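Subject: Structure handover

Hello,

Here is the structure I said I would pass on. My notes on it follow below the view.

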Amino acid sequence: LGVLLPALWLPERRSQRRSRGCAMTGRGTPSRFLTSVLWNGVGRYVCQLQRLTLTLSRDAPSSRGVRDYIEEKVVDFARLNPGIVVYVCPKKSRVPTLEAEYLNGAVEVKTLTSKTADEIAEIIQKLATQSGLEIIRIRKPYHTDNPSIQGQWHPFTNKRSALNVQEIGRQCLSSPQK
């Protein structure tokens, strides 16, 4: 124990630190394995968007699309998504913005200057279906926490090996063409 105790108190090296499940690759771009946020979908789906805040000006021309969206579509969106809280904050001479807060603590701010009500509806729907994680490169299209020691499954896993090598064997053993 006396030998191991000093090693426990050493500060972490930069190479030992991990930042939220993503690491840097040799290319210098962040990447991670394909995962589900908080095992979402295993029991039931939980929308990761927690709160939307629409900030707009009552009379600025750049906020016209946001005002139209609030008049026409915000009630329908709130009815379809009861788990998302929608706040509307009218402030004087402000740039219209949309602030999305997710369950993992991530906050995303979008500027809605001179957007139409339909464009704003598309932006909000896109934010409602995202997880709040940064969009980065996925290392592999598959990942498991409990990897198999037998290897990855493929269509010839439980088939006779003759099915797999039959054509190749005939080509190699046939007489060379002149």
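Which residues are buried in helix 4? Please bear in mind that the model is a predicted one. The buried residues of helix 4 are Ala117, Ile120, Ile123, Ile124, Leu127 and Ala128. They sit on the same side of the helix, because the arc they cover around the axis of helix 4 is only 135°. Glu122 and Thr129, on the other side of helix 4, are exposed.

Helix 4 takes in residues 117-129, which makes 13 residues. From its first C-alpha to its last the helix reaches 19 Å, close to the 18 Å expected at 1.5 Å a residue.

What covers the buried residues of helix 4? The cover includes three strands, namely strand 3 (49-56), strand 5 (97-102) and strand 6 (107-111). It also includes helix 2 (64-72) and helix 3 (74-80).

The whole chain

The protein chain has 5 helices and 7 strands. Starting at the N terminus, the order of elements is α-β-β-β-α-α-β-β-β-α-β-α. The chain has 178 residues, and 21% of them count as buried. Its accessible surface is about 14400 Å², with 55% of that belonging to carbon and sulfur atoms. Taking contacts between residues at least 6 apart in sequence, 69% join residues at least 24 apart.

The core

The largest nonpolar core holds 19 residues. Those that touch the most other members are Leu49, Leu52, Tyr69, Phe77, Leu98, Leu112 and Ile124. At least two residues of this core come from each of strand 3, helix 2, helix 3, strand 5 and helix 4. Helix 4 gives the most, with 6 residues.

Apart from neighbours within four places in sequence, Ile124 is in contact with Leu52, Tyr69, Phe77 and Leu98.

Strand 3 and its partners

Strand 3 is mostly covered, with 6 of its 8 residues buried. Which strands pair with strand 3, and in what sense? Strand 5 pairs with strand 3 in the antiparallel sense, over 6 bridges. Here Thr55 stands opposite Thr97 of strand 5. Strand 4 (residues 85-90) runs parallel to strand 3 and is joined to it by 6 bridges. In this pairing Arg51 stands opposite Val85 of strand 4.

Thr53 is another residue of strand 3. Its relative accessibility is 12%, which is under the 20% limit, so Thr53 counts as buried. Leaving out neighbours within four places in sequence, Thr53 is in contact with Tyr87, Cys89, Thr97, Leu98 and Glu99.

Helix 2

Helix 2 has Gly65, Val66 and Tyr69 as buried residues. Seen down the axis of helix 2, these residues fall within an arc of 100°, so they line one face of the helix. The face turned away from that buried side carries Arg64 and Glu71, which are exposed. Strand 3, helix 3 and helix 4 are among the elements that cover the buried residues of helix 2.

Ser114, in the loop between strand 6 and helix 4, has a phi near 55°, which is a positive value in a residue other than glycine. Is Ser114 buried or exposed? Ser114 counts as exposed, because its relative accessibility of 60% is over the 50% limit.

Regards

Note on methods. Residues are numbered from 1 along each chain as its sequence is written. This is a predicted model: local features need pLDDT of at least 70, side-chain atom pairs count only at pLDDT 80 or more; totals for chains, interfaces and linings use all residues. Side-chain values use heavy atoms; hydrogens and water are left out. Helices (H or I, at least four residues) and strands (E, at least two) are DSSP runs, numbered from the N terminus. The expected span of a helix is 1.5 Å times one less than its number of residues. Buried means under 20% relative accessible area, exposed over 50%, partly exposed in between (1.4 Å probe, protein chains only). The arc is that of the directions from the helix axis to the C-beta atoms. Contact means heavy atoms within 4.5 Å. A nonpolar core is a set of buried Ala, Val, Leu, Ile, Met, Phe, Trp, Tyr and Cys residues joined through side-chain atoms within 4.5 Å. Accessible areas come from the Shrake-Rupley method with a 1.4 Å probe; for residues, only the protein chains shown count as cover. Two strands pair if DSSP finds at least two bridges between them.
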